[in-house]
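Here is a quick tour for someone meeting this structure for the first time. Have a look at the sequence and the model, then read on.

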Protein chains: 2
Amino acid sequence: MSVLYDRVALIGLGLIAGSMSLAMKRAGLAGEIVGYARSAETREVAREIGLCDRIEDTAADAVRGADLVVLCVPVGAMNAVAAEIGPALKSGATVSDVGSVKRAVIEAVAPHIPEGVHFIPAHPLAGTEHSGPRSGFAELFDERWCLIVPVDGADEDAVERVETLWREMGSNTDRMDADHHDLVLAVTSHAPHLIAYTMVGVADDLGRVTGSEVIKYSAAGFRDFTRIAASDPTMWRDVFLNNKDATLEILGRFTEELFALQRAIRTGDGEHLHDYFTRTRAIRRGIIEARQDTDAPDFGRGKRV
Amino acid sequence: MSVLYDRVALIGLGLIAGSMSLAMKRAGLAGEIVGYARSAETREVAREIGLCDRIEDTAADAVRGADLVVLCVPVGAMNAVAAEIGPALKSGATVSDVGSVKRAVIEAVAPHIPEGVHFIPAHPLAGTEHSGPRSGFAELFDERWCLIVPVDGADEDAVERVETLWREMGSNTDRMDADHHDLVLAVTSHAPHLIAYTMVGVADDLGRVTGSEVIKYSAAGFRDFTRIAASDPTMWRDVFLNNKDATLEILGRFTEELFALQRAIRTGDGEHLHDYFTRTRAIRRGIIEARQDTDAPDFGRGKRV
């Protein structure tokens, strides 16, 4: 692949930005990659491990002259960062982001984008429970989906270039409007995360079962929840506060369904339970066929952990 | 290790029995392993792949002359199986089981155990989302915990022999009373499974998000839930029907906590959310330090699935 953007600026240097830098290098997509993070410690680590070609000490310096700027900060920090970089953006540049919600990010960022700069929101559906500048790896996006959420009147060439970037970093891409994106993600990501956080919090908080028992005996199912519930607290706080309506709607449906299953348990309705559990098996099968997860038992954790 | 039991009978030939047979062979713990499954097809597969040394067509024939009989059937089938084998048990033999609930299994099985036969309930905290006679593997129990739940007046030598068996198959062992076991498992296993089943069912059932979208975009978190929700429907129906009180108690606590987090989202209480999400991270750390899960990102699923 030839160079897609002569200079790329990554604002925020966590798991996603780090993986983007490595994936762009792998495919030779950027002439120069410049990075910025708010924390001096993060910038120091990024310099030490050579995460980008150059690390700047302000966001404005990082975006100066950049052809593509990608905002990789928690959703709640997007507004302040956009305000800071707006005046320094080069005419004809593209600004994108990787936020997990899209309506709120568009409202936070779009007002700060000057005339002559393209704003093309995006969201790669990839991540791990690890965070920080050391957690990135070039393969994170391989075979995952990246959703591109163009705003009204977006420049088609600029949109296609962002799509090409993500494809060359290993992803599949789809386009979606912001509201549908936020609903789909409430189902596939935001509600599951809140539920996992809740269950892990409950286990931690029970008087009659000790924390040591919960930890020792977690292999019976609970440990799967703890992986998700170990995700970055700031990122997830911002997701819930900025995708409030869709998340609360899905949680409402979830509670309704949970109550129906609780009633089936209480009344001994084994047929209802068995039917329900049979149906959910088919979804797992679909995900494996779509190559979005491994069929190896226990995710292929292997016998030694 | 020398032979612990001259003849072992495994009743039910799914994931756990298959893995036990392979783990016992690996360590040379049994002189002969005899198997029985209710389904003729399962018996046929077991014969074909050489899962046991001998497969019998009735449970009574399988247990005749056995020194150890392990009931590896769904919890709801324990009573009928125990009634069937009771008269055929050898004096001095030990009967054990691998059921996920213990109070109900003891009530179902104990009345059928004749004088002079030991009954030592047990529960290996290990499993995968796969089931059936082909799903077993010798390493399933390595470094996992097996809980031994002796009944009142249990013979100490017989208990220790069952503990030794599990240790030699790779497990750690602990002793626990039946009621505490059922509460601990409600937290670490039963409630998480019901919650995962519920969330996957909700995603399948939403009109405005298609099943294809749920599957394609599952890597954002949802796919972890689908693994658990792909577990054996009969086994899990029986678990919930037979550990009703503890499961409903934990689900009640879960709902209470979920409502508190929903309220924090609705009112925009970011501090409550951030504090909660920070606390749950520590539990994940404990599980990794206790070697009950891998620290590899995404369970080490790897870049190609």
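Where is the place of A:Glu143? A:Glu143 sits in the loop between β6 (118-124) and β7 (145-148) of chain A. Before going further, note that this is a predicted model, where local features need pLDDT of at least 70, side-chain atom pairs count only at pLDDT 80 or more, and totals for chains, interfaces and linings use all residues. Residues are numbered from 1 along each chain as its sequence is written, chains are lettered from A and ligands numbered from 1 in the order in which they are written, and side-chain values use heavy atoms, with hydrogens and water left out.

**Two residues with positive phi**

- Most residues other than glycine have a negative phi.
- A:Glu143 has a phi near 65°, a positive value in a residue other than glycine.
- With a relative accessible area of 17%, A:Glu143 is buried (buried means under 20% relative accessible area, exposed over 50%, partly exposed in between, using a 1.4 Å probe and protein chains only).
- B:Arg291 also has a positive phi, near 60°, and is found in the segment after α12 (270-289) of chain B.
- B:Arg291 counts as partly exposed, at 39% relative accessibility.

**The two copies**

- A:Met199 lies in helix α7 (residues 178-204) of chain A and counts as buried, at 0% relative accessibility.
- Leaving aside neighbours within four places in sequence, A:Met199 is in contact with A:Phe222 and A:Phe225, and from the other chain with B:Val187, B:Ala191, B:Pro192, B:Ile195, B:Ile250 and B:Phe254 (contact means heavy atoms within 4.5 Å).

**The sheet in chain B**

- Six strands form an open sheet in the order β3-β2-β1-β4-β5-β6 (chain B), with parallel pairing (helices, H or I with at least four residues, and strands, E with at least two, are DSSP runs numbered from the N terminus; two strands pair if DSSP finds at least two bridges between them).
- β3 (54-55) and β6 (118-120) of chain B stand at the edges with a single partner strand each, so one side of each has no neighbour in the sheet.
- β1(B) and β4(B) pair over four bridges in the parallel sense, and B:Ile11 has B:Leu71 in β4(B) as its bridge partner.

**Helix α1 of chain B**

- Helix α1 (residues 15-27) of chain B has 13 residues and reaches 18 Å from its first C-alpha to its last, close to the 18 Å expected (1.5 Å times one less than its number of residues).
- Its buried residues include B:Leu15, B:Ile16 and B:Met24.
- Among the elements covering the buried residues of α1(B) are β1 (5-11), β2 (30-36) and α6 (156-168) of chain B.
- Just after α1(B), B:Gly28 takes a positive phi of about 65°.

**What the record says**

- UniProt, in an unreviewed entry, places the feature "domain: Prephenate/arogenate dehydrogenase" at residues 6-295 of chain A (positions are in the numbering used here, feature names are shortened, and annotations may be inferred rather than shown by experiment).
- Residues 6-295 of chain A are 52% helix and 13% strand, with end C-alpha atoms 40 Å apart.
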